[in-house]
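Hi,

Here is the structure I promised to pass on. Have a look at it first, and then read my notes below.

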Amino acid sequence: MSRHETRRVQLSNGDELLIDVGRLAKQADGSCFVRYGDTVVLTTAVASKKPRENLPFLPLTVDYRERTSASGRIPGGFFKREGRPSDVETLTCRITDRSIRPLFPKGWNCEVQIISLVLSADPDNAPDILAATGASVALGLSDIPFAGPLATVRVGRLDGQLVLNPTFAQLEHSDLDIVVTSSADAITMVEGEAKQVAEPVMVDALLFAFESAQPIIQAQKELIAELGRPKREFIPHEISEDLVAKVREWTGDGMRQALSHRGKQDRYLAVDALSDRVLEQASEAFPDLAGLDLDVREALDGVKREIVRGDIARRSVRLDGRDLKTVRPIDIEVGIMPRTHGSALFTRGETQAIVTTTLGTGRDEQLVENLEGEYKKQFMLHYNFPPFCVGEVRFMRGPARREIGHGALAERALKSILPDHEQFPYTIRVVSDVLESNGSSSMATVCGGSLALMDAGVGIPRHVAGVAMGLIKEGDDFHILTDILGDEDHLGDMDFKVAGTEDGITAIQMDIKISGVDRDVLARALDQARDARMHVLGEMRKAIGEARPDLSPYAPRITTLQIKPERIKDVIGPGGRIIKEIVAQTGCSIDVEDDGTIKIGSTDPEAAKQAIQIIKELTQEPEIGKLYMATVKKITDFGAFCEILPGTDGLLHISEMSDKHVEKVTDLLREGDEVLVKCVGIDRQGKIRLSRKEALGQQQMD
């Protein structure tokens, strides 16, 4: 691939996508850079020359990194270089990984690494879709076996019209934001959010994305035909037919009996016991067969796959005895944690999550730095998947990519129904700890998050629920499964998660392993997901139907004041001295924004009142005709300058000091004296005129 070649792809929206190959990173097995607008992403693909033996999974690693230099910026913080991947970078890695992983040949065990670097970033176009498309180009040009090409696009909707690759500015007003990866034959990956859009709209958007991706796929085909390297010879490992026959013989009805256990742990124990027995028999019968352990387990997995999929296709019966449309039993408790601001325990079958909501002030907002600059997040959802939830033992370190991805999906599902920040000026953190897992703990997190928000008194107008769906294709027949188990996810041909309200979808995620999923199948799947969602929403409303009228007594109360921006300095003080004194005196949190909005947070109502009073006194404006007890600050020959409000002085002229003639100012006043005055005028420059004479007269009349 030494020849330099450029392809310019004209997209349906009139924009141009540029694919440049053969110029950069030529020692990689495959490389390219993809440009859209002024956003440029370099992507490389490299595979190790030697396979890793006896590996039961595809050793694929995807890395995506954003350099702030791409947008002409230097990283903030003490260390002026990029650190660990941000959540956005991790989520982009997952988009690429989920798009390409199913298209490697089964049994491929040479380590593969995809690296995408953002080299240039404009303020309009997101680089994530370019990284996924670039991975397809790099793999297609390389000698790595890969059943591509693929193309990834983003779809938005403005004023009811679908928009291809909307800009960041357009997404601010879009009610849809989905990323879709497609091959020449099918949609393979979907990730995105929406503002309660109807199911037919989502189907239209998916098919619009598929059609829009085809010119990019065609350009890749042409490039690969001209410049692609011959693929490495790869002969998939084949299990001995004699071994497969013996495994089936030794298994007999044992697999069906093991799978008949309705509980996950009992079923797994029975399958493991059967596997150990069959492996022992195989070791005696085939003592010299290399990789025997993996071959036996793969043969057993084939037997299991036939039974599970066959029962679904022919009898509409699933592992736990349900039909295809039934949701597992749901149990809900809210307000179960005494000191949290909101809490919920959501259990669906053998999946359980405890979810809490914490309310904070402006100082709790998350400061995020990305290619566009810095911004603050007022809503965060964190998802945790401890090992005990699946009966395992492993180290607990930071969140894995899967945990970040599941948390982001649940966050997208909930954020569109949150109250406007101006109306509910709290920072909100939702934390989901998965206690048991057997099928879609991310959707349990969505349900538990909605319940915990209402329990905390967050004014969401309605619940959001999520459900995980599956699909199995046998012959030409498609069988759609509601509320799938973990095994059904593993053995199925498509899994998709749909979250939303009664009015429509708020988040969606799909991974499709087969082709031939047409509009009718997508529509049926989303309609069946909607039916399941309505059932779950009904159960959630039984537990709590609307947000609690009051916040937890342990949550801060936030009071918002509005002052003139020019008076902010009076609240802050030199070097922040005044605001620090108010915080120290009252114990309140005080956040001052550039537009003069002041947010005072405290769990003590009296402390909040005290802080409000201090700020009002600091920022109140002088009024003509009002009396003030002023402090003399400076004496001059013609009068005295008196402070009537903190930081606000006026002139008390010598002629206004008394109804009698005053020879010298010092005959009546000294610096530091307190004197009753009346504000009698404010000129255009803001200079204040005071009168002691009129103040005394008004006091006598009163």
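Let me start with an open sheet of three strands, which has the order 22-24-23 and antiparallel pairing. Strands here are DSSP E runs of at least two residues, helices are H or I runs of at least four, and both are numbered from the N terminus; two strands pair if DSSP finds at least two bridges between them. The edges are strand 22 (557-562) and strand 23 (589-592), each pairing on one side only. On average, neighbouring strands of this sheet are turned by 20° against each other, direction ignored. Strand 22 is joined to strand 24 (residues 597-602) by six bridges, and Thr559 sits opposite Ile600 in strand 24. Helix 15 (residues 605-619) lies across strands 22, 23 and 24 and runs at about 155° to strand 24.

Before you go further: this is a predicted model, where local features need pLDDT of at least 70 and side-chain atom pairs count only at pLDDT 80 or more, while totals for chains, interfaces and linings use all residues. Residues are numbered from 1 along each chain as its sequence is written, and side-chain values use heavy atoms, with hydrogens and water left out.

Next, the cores. A nonpolar core is a set of buried Ala, Val, Leu, Ile, Met, Phe, Trp, Tyr and Cys residues joined through side-chain atoms within 4.5 Å; buried means under 20% relative accessible area, exposed over 50%, partly exposed in between (1.4 Å probe, protein chains only). The largest has 158 residues, and Ile100, Phe104 and Met202 have the most contacts inside it. Its largest share, 13 residues, comes from helix 4 (residues 199-227). Apart from it lies another core of 18 residues, including Val632 and Leu690. Contact means heavy atoms within 4.5 Å, and residues touched by Met202, not counting those up to four places away in sequence, include Leu176, Ile505 and Leu526.

There is also a helix pair. The axes (lines fitted to C-alpha atoms, for helices over the stretch in contact, with angles from 0 to 180 degrees between N-to-C directions) of helix 1 (residues 87-100) and helix 2 (residues 128-141) come within 9 Å and cross at roughly 40°. Helix 1 contributes Thr92, Ile95, Thr96 and Ile100 to the contact, and helix 2 contributes Asp128, Ala131, Ala132, Ala135 and Leu139.

Last, Ser441 is found in helix 10 (residues 441-455). Ser441 counts as buried because its relative accessibility is 2%.

Cheers
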